[in-house]
Structures are given as C-alpha cells and as structure tokens.
Amino acid sequence: MPNDMTIEDTVQELDFTELDPFDVAPLRLTVDLQALTDNWRDLSARSGRARAGAVVKADAYGLGIEDCGTALYHAGARDFFVAVASEGATLRPYAPEARIFVLSGIWPGQESLFFDHDLVPVLASEEQLAFWMSVLSERGPYPCALQVDTGFNRLGLSVDEAIALAQDVSRPASFSPVLILSHLHSGDTATAESNQAQLSTFGEVSRAFEGVEASLSASAGIFLGQDYHFDLTRPGIALYGGEAMNALANPLRPVATAEARIVQIRDAKAGETVSYGGTHQLSRDSRLAVAAVGYADGYLRNLSGSGIALRETVPLGAFGFVAGERVPVVGRVTMDLTIFDVTDIPARDIQAGDYIELFGQNMPLDEVARAAGTIGYELLTGLGLRYERRYIDPEI
Ligand SMILES: *Cc1c(COP(=O)(O)O)cnc(C)c1O
C-alpha cells in the first residue's frame with residue numbers, strides 16, 4: 001500500500017472476487033513440472049543404456065505424487081518406486097501402464113492392496129520371502145523384486161541368502177523376480193571406496209540372477225559412471241532439483257519454490273531483542289519483516305538465526321530472498337512466524353503483503369537445508385499442510 005493511501009482507499013480499490021487464492025495465500029509453493037520432467041530426461045540421458053525410473057515415495061518428496069507422477073509418466077517414466085503400498089495405490093491411476101515397486105515389501109494382510117493396484121513388492125528378508133512363497137502357492141505367478149544388502153545394513157537379503165536363492169533349484173516356478181536391487185550408502189561421495197566394494201558385490205549377485213534386470217543407483221549413483229547403471233536407475237532427489245552429489249555443482253533445475261507472505265514490517269531500535277528468548281539483540285535501528293511461515297510448515301526451528309544449540313557449529317541461520325536481496329532470519333523461528341532482517345532493502349522496495357522466497361529459484365534448497373544442519377530431502381518432505389500449491393504444467 002503506497003504510504004499516502006489510507007486503509008479505506010486500499011480496500012475500495014480491491015475487487016476481492018478477482019483474487020486467485022494462490023496470489024493471497026500466506027504460504028505458497030510453486031511446483032514446476034516442466035523442470036521436473038526436464039530433470040527426468042536429463043537423468044535418463046545420464047543413465048546411458050539403462051532406463052531411468054522415478055522414485056516418488058513420501059508424496060513425491062513432498063511435492064505431490066498425483067501431479068508429479070502424472071508428469072513423469074507422460075515424460076516416459078515406466079518404473080516407479082514408492083516406500084509403502086498405499087502410496088502405490090494412490091499413484092496407480094496416474095501411471096496406468098507403469099510398473100510400481102514397493103520398497104518396503106509386503107506384509108500379511110496386504111495381498112489385495114498389491115493385487116488390486118498391480119504393485120510389485122520388493123522383498124527384503126527371509127521372512128518376506130517365505131510369506132511370498134505361500135502367497136504364490138495360492139495365487140499363482142505374480143512379479144516381485146528382491147533387495148540385496150551389499151553394505152548399507154538397512155534392508156535386504158544378505159549376499160549369501162540371495163545367491164543361495166538364485167541357485168535353489170527347488171524354488172517354485174511361480175516365483176519370478178523381475179528386478180534385483182541394492183542401494184549405495186555413500187553414492188554422494190565419488191571418492192568413497194565403499195562404492196567400488198558395493199558395486200563388485202552387487203555385480204556378483206546380479207550375475208547369479210541371470211536374465212533378471214538389476215538396479216543399483218539412486219540419484220547419486222547415476223553420477224558415478226556407467227558401471228553403476230545396470231538396467232534401471234532410481235533417481236529421487238535429483239528429479240526434484242535437490243543436490244545428489246557432494247562436491248559437484250548441482251546440474252539440475254530447481255523444481256519447488258516456497259514463499260511466505262510478509263504479514264507486517266516493523267521498525268525496531270538498536271538494543272531491542274527479537275523473538276522468543278530475546279536471543280537476537282539488534283546492533284542498529286532495524287526494519288524487520290515478519291513472514292507467515294514457521295516450524296509447523298517444516299521451516300525448521302534449526303533455521304533460526306540465533307537461540308539454538310546448532311548455531312555453535314553452523315554459525316549462520318537461513319536466508320530468505322526478497323526484492324532481489326538475501327535477507328537473514330533473525331532470532332528464533334516460531335511455530336507460524338519467522339522474522340527476517342530487511343534493513344538493507346530500501347523501504348520503497350518492500351512492503352507488507354510481499355512474498356519472501358524461502359527456497360527455490362533464488363535461494364538454493366540445499367543451502368537453506370545446510371543452515372539447519374540437514375539435507376534438502378528433509379526440507380521437502382516436511383513441507384506440511386498449509387502451503388497453497390500451484391503446479392506449472394509441462395509443455396507437451
Ligand atoms: C529413496 C531411495 C531412492 C532414491 O534416492 P535419492 O537419493 O533420492 O535419489 C532409491 N532407492 C532406494 C532403495 C531408496 O530408498
């Protein structure tokens with residue numbers, strides 16, 4: 001509102017019926033599906049002779065499994081990975097001809113969820129295998145995948161169990177794995193010796209399952225070279241524009257832009273303190289923008305400028321971006337509100353109602369994540385329910 005206008009003038013000027021909810025939302029998220037599909041094509045090309053799948057677990061890393069799944073399917077993805085069966089059921093109508101793998105496998109009682117939605121369980125333990133054999137004896141042939149643990153110590157059959165299974169001549173003919181997979185624990189570090197070790201172990205296991213497709217690499221492994229690609233890659237974070245590799249400039253396009261509206265701009269005097277605990281004392285007369293985002297929206301309390309233990313090891317809190325400048329968070333992030341120091345932005349360039357970018361086109365997701373001592377994955381998957389979302393459709 002220009003300074004010489006009264007509130008009544010402003011109210012008369014607005015025609016409320018024309019306002020798009022996105023344009024007035026306190027908190028909003030733009031998901032660029034063109035960038036998403038460009039990233040998938042890029043990762044597909046980097047996967048060389050292997051096909052690129054798409055990991056869309058956790059609601060497509062918080063960005064919406066329906067919209068992201070649809071866009072990826074139309075771009076050509078035909079192998080999707082979810083963590084749990086209910087996610088696969090949600091995805092199925094948007095990816096009708098695709099294979100949907102459920103990474104955590106199957107539990108007794110979930111059979112119809114898998115069969116009704118045509119989901120492929122990724123079996124990871126002897127117990128799951130035994131259960132699956134009993135399912136097959138009743139139902140007949142149905143595809144499954146096998147996860148083998150090659151050093152992560154998370155999910156998977158041991159290498160010995162997997163090789164014994166491959167060589168077991170007594171296994172039923174209805175047991176027909178379509179994919180064997182494993183996961184690198186340090187794929188993001190190109191120099192980690194464990195990558196080579198996991199690669200050679202996985203090579204041995206995949207040779208034992210002759211004729212079955214193999215998959216080792218998530219986003220990071222795609223960047224480790226063609227030896228790591230096998231038949232199918234499983235990019236997740238890189239699709240959504242997050243950093244996959246340490247020590248490598250991120251070559252992918254940002255997909256999500258999160259913005260919070262400035263509810264109020266306040267003048268505050270040198271010596272005053274800001275936010276809970278009064279942990280930030282102003283060293284100069286300041287202008288503060290109070291934005292409608294807080295830790296309830298996944299804008300983590302660890303992003304605070306001060307007043308948290310993390311600042312002893314990571315000295316700076318997060319920055320937002322507004323009016324072409326980076327502006328620091330001051331004091332503690334609160335549940336619904338966060339305060340940014342906008343003193344260095346000329347008063348004419350910023351006003352209540354403007355939006356501060358939290359991460360996205362101008363504030364790299366991973367840089368914000370690092371201020372909280374975490375990774376882009378956690379910021380995306382924690383976005384919460386209050387964002388008004390807008391999807392930018394890809395050009396067909
Ligand atoms: C989450 C996950 C992926 C995707 O990992 P990104 O690092 O996000 O690319 C691939 N494979 C498995 C087994 C996973 O759990």
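Mentor: Let us begin with the largest pocket, which is lined by 39 residues, and of these Lys57, Tyr61, His183, Ala218 and Tyr377 lie nearest its centre. The model is a predicted one, in which local features need pLDDT of at least 70 and side-chain atom pairs count only at pLDDT 80 or more, while totals for chains, interfaces and linings use all residues. Residues are numbered from 1 along each chain as its sequence is written, and side-chain values use heavy atoms, with hydrogens and water left out.

On a 1 Å grid over the protein atoms alone, a pocket is an open set of points with protein on both sides within 12 Å along at least five of seven lines, a cavity is a set where a 1.4 Å probe fits but cannot get out, and lining residues have an atom within 4 Å of a point. The volume of the largest pocket is about 830 Å³, counted as the space filled by probe spheres set on points joined across faces, edges and corners.

At least two lining residues of this pocket come from each of helix H4 (57-61), helix H11 (219-222), helix H12 (365-371) and helix H13 (376-381), where a helix is a DSSP run (H or I) of at least four residues, numbered from the N terminus. The lining of the largest pocket divides into 19 nonpolar, 13 polar and seven charged residues; Ala, Val, Leu, Ile, Met, Phe, Trp, Tyr, Cys and Pro count as nonpolar, Asp, Glu, Lys and Arg as charged, and the others, Gly among them, as polar.

For the helix packing, look at helix H9 (residues 159-167) and helix H10 (residues 193-208), whose axes come within 9 Å and cross at roughly 20°, the axes being lines fitted to C-alpha atoms over the stretch in contact, with angles from 0 to 180 degrees between N-to-C directions. That is why H9 counts as roughly parallel to H10. Here Val159, Ala162, Ile163 and Ala166 of H9 meet Thr201, Glu204, Val205 and Ala208 of H10, with contact meaning heavy atoms within 4.5 Å.

Terms used
Parallel < 35°, antiparallel > 145°, perpendicular 65-115°, else oblique.
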